[in-house]
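What follows is a walk through one structure, chain by chain and sheet by sheet. Keep the sequence and the 3D view open while reading.

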Amino acid sequence: MTQLKNIFCIIYFGLTLFPSCTLVTEPERFYNHNAYPPEYSVYNFDELKPGQHVDGTIKIVFNYNEFNYKVDAVRPAVDGKVFSYSDLMPYTFYLNTRNYPEGNHKITFNVYQNAKPHGLLHLIANPLPSSVFEATLYFDRTPPDTVHLSLVSDKDKEIILNWTESNCETFYSYLIYKSIDGNSFKHIATVSDKSITSYTDTTGLDLVGMSYKYKVNVTTDYLFKYQTESNVEEYILGDPFIYEFTRFFSGPFFNEKELQIYFIVDNKFVSFSSVDNRYINEIDLTGLRDNNEFLEFTLNKEKSKIYLYNFSTNKLWVINSSDLSVIKKVNLPEYGRELFVLDNSRVFVFGSGVFNIFNIDTNTLENSLPLSYNYIPSSAVLNENTLHLIINVEKNNSWRLDVMDVTNNDFNIIDSGWANNQYLSMKKGGDKLYCDAKWIYDINTLKGVGYINSDDYIKAFSVSDQKIALLQDDKYITPGFDEVLCNKITLFDNQINKIKEWKLRCGFTLALGGNKVFASIDRNHIPRKNILGFSLKFGE
Amino acid sequence: MKNLIILFFFINSFGVIFPQANYTNFDHFFGIQLNTGLTFFNLNPLKNDFKSSVEMVSRNYNLPLQIQHLYPTNISWSGNVFWYFSPEFCLVLGPEYTSTRAFSMYEDYAGTFDLKSEIHQYYLSIGVRKHFNDVKIVQPLIGVNFGLVQFNFMNTMDLNVNNGQIKNHNSYEYLDNGYSIEIYTGLTYDIKIGVVELIASYRYVKLEEILIEPDNFNIKLGIKRGIFK
């Protein structure tokens with residue numbers, strides 16, 4: 001029994017121990033010290049802050065470049081779902097947030113490298129990014145709010161736009177739009193900082209009389225797809241004469257003694273200050289001008305009286321230039337088409353086929369000169385200092401400048417000079433005679449002393465003792481906008497040296513006085529904001 | 001060392017049970033023998049499969065896997081019962097067990113990835129042996145065994161990532177049977193308390209299904225005691 005017991009013990013130990021007795025035991029695991037996990041970081045966008053509300057398509061520039069490995073690719077993802085791919089640096093992605101539900105979304109940038117240094121994680125995520133940048137944005141559908149715009153101008157040099165700050169959480173930028181001459185608005189600038197609520201426009205602001213309209217929209221996205229418009233504000237460039245009227249007739253007329261500018265509108269004679277364009281006075285022209293006839297405006301030598309002559313009805317009003325009180329109302333016995341004031345009691349009327357001198361105190365004809373068929377005057381100008389009338393006349397098929405002495409109610413031709421053309425308009429400026437704006441004569445010698453070389457048609461001109469201003473057609477191009485028809489006002493000194501040039505929208509007539517040029521609006525132009533015209537300053 | 005202590009205890013226990021064996025006076029007796037040895041495996045298909053698996057994972061996932069053991073030589077254990085029907089010839093009957101393994105064990109910050117493979121081989125053989133007792137000091141012997149064989153083949157893959165957040169265990173096991181033919185030669189030496197044998201053998205193995213080239217070469221060291229009739 002003892003032997004059997006020992007045998008069983010031997011068998012038991014043998015069967016138990018045999019399988020465990022082996023040379024090949026389980027080794028230690030190889031530990032990979034070169035494997036490391038992906039690096040997670042919070043990403044700071046260039047233009048967005050984590051948690052910011054965004055809308056529409058947003059532009060994301062991924063420009064992190066402090067990797068210690070060669071980047072193979074970047075895959076951005078929204079809520080873990082990859083939406084793009086790039087292998088170029090910097091990586092620019094465009095994300096249309098409207099493709100996702102409103103709310104918080106995690107934006108992830110997964111940066112991959114060629115090598116796979118992330119060990120076992122590759123078994124469960126292949127490929128695995130080496131660097132992961134994350135940030136959360138809120139995709140918001142709330143429409144942007146409306147800002148209120150106001151304009152301030154620094155006298156034609158710049159227009160300053162001020163608006164109220166937007167409270168929009170999805171604010172992306174302010175979009176500034178500009179419209180010229182009532183045409184469509186065009187985007188001219190973008191302000192990306194919500195706290196900046198001012199913009200100064202200095203581009204193309206040298207077209208006097210032009211209407212510039214602005215609006216500031218708030219957009220929520222990079223593509224400017226979603227916008228809310230502000231109110232539209234208009235600014236008309238220039239220093240205007242403002243008067244409520246419906247129909248413009250004539251003006252401006254300058255009175256250097258009173259420093260006033262006169263306009264005839266709506267059967268009213270209106271005066272303004274030439275210093276600051278301030279409205280001064282007005283009189284009603286009913287009785288002088290009942291059917292919208294043209295009125296001849298003339299000042300006496302002292303500039304103390306204004307003569308308004310209706311050559312259609314032969315009515316003449318003499319008005320005190322200081323307070324616009326009517327001094328005298330006269331019905332001249334004969335018709336004329338141009339009137340010259342010789343003195344306080346006499347006027348010279350340039351009639352059709354006849355020269356007349358009237359005494360307006362007695363309302364009698366002082367003298368009359370019927371003109372022969374071969375003496376055809378075109379235009380005339382009075383030298384108030386000598387009471388000599390200079391007449392552009394065609395005699396024997398040639399054009400002359402005759403000097404007529406009317407001092408003693410005579411019509412004696414005391415001098416005559418050659419004129420190279422028929423002149424429709426002559427004006428005296430100092431000792432020079434400007435004929436149709438281009439040809440310049442010495443008023444004493446009747447010798448030509450100058451010529452303004454301009455091929456463009458001269459619509460109107462005005463002279464002073466030392467200067468001449470021309471009004472011509474022109475075009476104006478504002479960068480980024482369509483071409484606009486306009487006028488050009490050019491100022492010369494009496495030596496025909498160009499002093500200054502302005503661009504004017506819809507000019508009609510000019511008056512030159514002091515250090516300003518006064519221009520009316522085109523009477524066919526629809527008045528805007530009751531503007532009669534503008535004063536253009538050229539010196540101190 | 002643990003195995004050697006067990007073996008020492010085991011062998012000495014026979015001394016209590018059985019009287020001393022002596023080849024000069026045996027006459028139809030039974031003997032019992034215990035062997036331990038080394039088995040040198042071929043197993044080339046298995047080695048190639050394991051290498052391919054490791055290389056594929058290593059290449060695809062950039063894991064620097066290493067093959068730490070690839071079915072190396074391993075200890076074998078066997079036992080025999082003898083029946084000497086003449087002083088020089090005997091019948092031999094006995095089991096044998098051997099095994100080997102392959103390992104690729106990997107670890108990094110994220111977890112562990114283990115590839116393991118094991119083969120367990122069980123033999124039950126019967127054969128005939130001839131001793132050349134005329135030789136002095138050490139007596140050579142030759143023999144041949146025929147036997148049945150059972151192969152138990154297991155592969156396991158264990159993945160543990162982020163402290164068990166992701167765990168994956170795959171394993172498969174084959175059990176195949178066959179037969180074997182073993183030829184061997186050796187030497188015996190009488191150490192009074194028993195007879196020590198040193199045997200070298202080559203075993204041809206034929207399995208029914210799996211093709212793993214299971215032939216092997218063996219060196220065995222054993223001690224034998226006899227039971228007198």
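In chain B, which has 229 residues, buried residues make up 32%. The model is a predicted one. A residue is called buried here if 20 or more other C-beta atoms lie within 10 Å of its own. Of the contacts in chain B with a separation of 6 or more, 66% are between residues 24 or more positions apart.

The secondary structure of chain B consists of 2 helices and 9 strands. Read from the N terminus, the elements follow the order α-β-α-β-β-β-β-β-β-β-β. Helix H2 of chain B covers residues 44–61. Its length can be checked against its residue count: at 1.5 Å a residue, the 18 residues should span 26 Å, and because the end C-alpha atoms of H2(B) are 26 Å apart, the two values agree. After H2(B) comes Asn62(B), with a positive phi near 55°.

Chain A can be taken through its strands. One group to look at is an open sheet of 5 strands with mixed pairing, in the order S15-S43-S42-S41-S40. At its edges stand strand S15 (207–208) and strand S40 (458–463) of chain A; each has a single partner strand, so one side of each has no neighbour in the sheet.

S40(A) runs antiparallel to strand S41 (residues 467–477) of chain A, and 5 bridges join the two. Within this pair, Ser462(A) is opposite Ala469(A).

Strand S42 (residues 483–493) of chain A then pairs with strand S43 (residues 498–504) of chain A. These two strands run antiparallel and are joined by 6 bridges. Phe492(A) has Lys498(A) of S43(A) as its bridge partner.

A further open sheet in chain A has 4 strands in the order S24-S25-S26-S27, with antiparallel pairing. Its edge strands are S24 (296–299) and S27 (326–331) of chain A, each of which pairs on one side only. On average, neighbouring strands of this sheet are turned by 15° against each other, direction ignored. Between S24(A) and strand S25 (residues 305–310) of chain A there are 4 bridges in the antiparallel sense. Across this pair, Leu299(A) has Ile306(A) in S25(A) as its bridge partner.

Strand S5 (residues 71–78) of chain A runs antiparallel to strand S8 (residues 103–113) of chain A, and 7 bridges join them. The bridge partner of Ala73(A) in S8(A) is Tyr112(A). S8(A) is in turn joined by 9 bridges to strand S9 (residues 131–139) of chain A, again in an antiparallel arrangement. In this second pair, Val111(A) lies opposite Ser131(A) of S9(A).

How values were computed. Residues numbered from 1 in each chain as written. Chains lettered and ligands numbered in written order. Predicted model: local features only at pLDDT ≥ 70, side-chain atom pairs only at ≥ 80, totals over all residues. Pairing = 2+ DSSP bridges. Axes fitted to C-alpha atoms, helices over the stretch in contact; angles between N-to-C directions. Expected span 1.5 Å × (residues − 1). Buried ≥ 20, exposed ≤ 12 C-beta atoms within 10 Å, placed from the backbone. Contact = placed C-beta atoms within 7 Å.
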